[in-house]
Amino acid sequence: MCGIAGYCLKEEAHPSLELINGFLSSIRQRGPDDEGVSLISRQTGKYQTFKTDFSNPALSEDIPPIQGAKLKADVALIHTRYAILDLSEKGHQPFVSADRSIMGIFNGEIYNYIELRKELLSLGKIFHTSCDTEVLIEGYAHWKDELWPKMNGFWAVVIYDNSNRSLIFSRDRMGVAPLYYRQTAKGVYFSSYIEPLIEIDGQKAQLNEDAIFGFAQTGFKDIQESTFYTEIKSVPAACTLRLDQGQSVLAQASIKRYWDLPTQRQQEKDISFPQAVKEFRALFFDAVDIRLRADVKIAFELSGGLDSSAVVAAAALLNKNKITTYTAKIQGADEEPFARSMLQKYSLDYRVLSHIEEDFARDYDSFSKLMEEPFDNPNAYTHHQMLKTMKAQGVKVVMTGAGGDEVLAGYEASFWPKAYREWKAKDFPSYLKADWYEVCRRYKTFNKAKGTIKNYFRNLSKKLPPIDQVSKERISGIATSALNYHDQYGKLSFDEQRRFHFTVALLPFYMRSSDHFTMGIPIEHRFPLLDYRLVEFGLRLPISFLFRNGWTKYILRKAMEPYLPAKIIWRRQKMGFQFPYHQYFQNNDQIFAPLLEELWQTFPQLRLQGGYKGLLNQDPVLLWRLISIGIWQKGLKT
């Protein structure tokens, strides 16, 4: 991963070093290994590349410093590099194709770059590096927009095509890599971060009250490419935007969606369960395998849950060398004994981290600035601290099991009620299967029934935030996009609910949060369970392959049964990172209560009866959302 930024102006102008250096300063933490800037005149087709004081020292001395830039241009491409593949200066960006027709900047990883490179070699292309950036640029030079569906990975890309003087923006299918933009009277500005876009052309972006109030009400954010600033938006995931020569307004851009979530589900007659298990296992192992590609150290998050354990097992089987895993001991939610059971099957470099959540009260201010907007869970900080420790021990890439619950309907409280009704309504055999699942889920044994019910309500509060009665009466009267989406959820079909979590409820803000708390270090996150092939496969599966005999994600359990300890495969209740909301905010009320009062002075619409203590007792999660907005608001004033 890297940092990208730049602009496309209505009229050519001499470069503003203040603007360029501002962009570089804001994204520098994302790419400490190299920097580059290119200025382009779309009118003449001329361009020039520059280095900075932080560029790789091995770069050619023929590349001039940005301080001497004089080319009158309407496009600037700015890049800071976090080197993962081909660590030499050959991976420098902006990268130019061999025929000089394509120039681009790229944040992300193309995991299948080896296969694409072989295909391009067979077509006569010649390569001079071993990095995926060259494959991307040469691939676009040959295939144009047919490239995007071929790529497997994550990316935010901006390409200048000198053959037609156009500028192309592209994001990956799941929206893992961020790309924000802001339109002004002078043109469009873009960046991996929000911060450099807040004040542009002497105009400060306005706060987006729809996003602020909606987040307070529901916990949803990043809806419809929105941010907490009215004028700043995200380039849509799975899309390309093209600005033709003479265009500098993204509203005028041609938008093309190159991929979409499946809308049709298979039936049991279409594929047998053993065949589905075989195909899923093959896809899953390949998704892990191609994410093992790196020229730096990779480690693995191992929570002790099914998803992360499955990733570690696959990697251990695929990788001939011992892999390094990290497990966090969290007070009140210690899953370390489950994670440790993996040592029964695999020789791991097994490492345990503890007491990593204790400094949030000290660091909340700086961490909030890194996150740029209010965030849904203080455990983002815990995760960030864990990753900082990993980076300090030489890790540059981390693989995680995140995404399995979205792909395989693992959030039982969110998905099972509608799946249950639809499954029962299909036919008499399905009616019996659905009821049998319900019986197994609830009453198979007393302990399992008790654990299931507890887990049901834990997931319900965590994964689809309820609107408590107090906030319904006091703040849900404010019409917001988030509240509208929240209220529509129960009316959606099972398949629509699953797509909802990819497009609205969970994935968009988790991807953005994950990007910010990782690249603020920086360290790269990889998500094999969000490989688009697994997403397509998972969303097409029959309900009975997902829910069976009282178990969620049944196909994953059967696919990995030969490779995981039984205590992980057949473990009903997962803990995850559970933050002790009530205890923590009760112990630290002197720190956080004043933030709430300041928030209510600015936004009296969000004031709730009972104040800090009332919220602490009634809904500490809602209390946190308001505190998070208060922390963010405080940061705006400093």
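A residue counts as buried under 20% relative accessible area, as exposed over 50%, and as partly exposed in between (1.4 Å probe, protein chains only). The model here is predicted, so local features need pLDDT of at least 70 and side-chain atom pairs count only at pLDDT 80 or more, while totals for chains, interfaces and linings use all residues. Residues are numbered from 1 along each chain as its sequence is written, and side-chain values use heavy atoms, leaving out hydrogens and water.

**A buried loop residue**
- With a relative accessibility of 0%, Ala177 is buried.
- Ala177 sits in the loop between strand 8 (166-171) and strand 9 (180-183); strands are DSSP runs of E, at least two residues, and helices are runs of H or I, at least four, numbered from the N terminus.
- Beyond its neighbours within four places in sequence, Ala177 has contacts (heavy atoms within 4.5 Å) that include Asn107, Trp155 and Arg171.
- Phe154 is 23 residues away from Ala177 along the chain, yet their C-alpha atoms are 6.2 Å apart.

**A partly exposed helix residue**
- Leu432 belongs to helix 13 (residues 428-443).
- The relative accessible area of Leu432 is 45%, so this residue is partly exposed.

**Two packed helices**
- Helix 24 (residues 589-602) packs against helix 26 (residues 620-636) at about 75°, with 8 Å between the axes; axes are lines fitted to C-alpha atoms over the stretch in contact, and angles run from 0 to 180 degrees between N-to-C directions.
- Helix 24 is therefore roughly perpendicular to helix 26 (65 to 115 degrees; under 35 is roughly parallel, over 145 roughly antiparallel, the rest oblique).
- Among the residues making this contact are Phe592 and Trp600 of helix 24, and Leu623 and Lys634 of helix 26.
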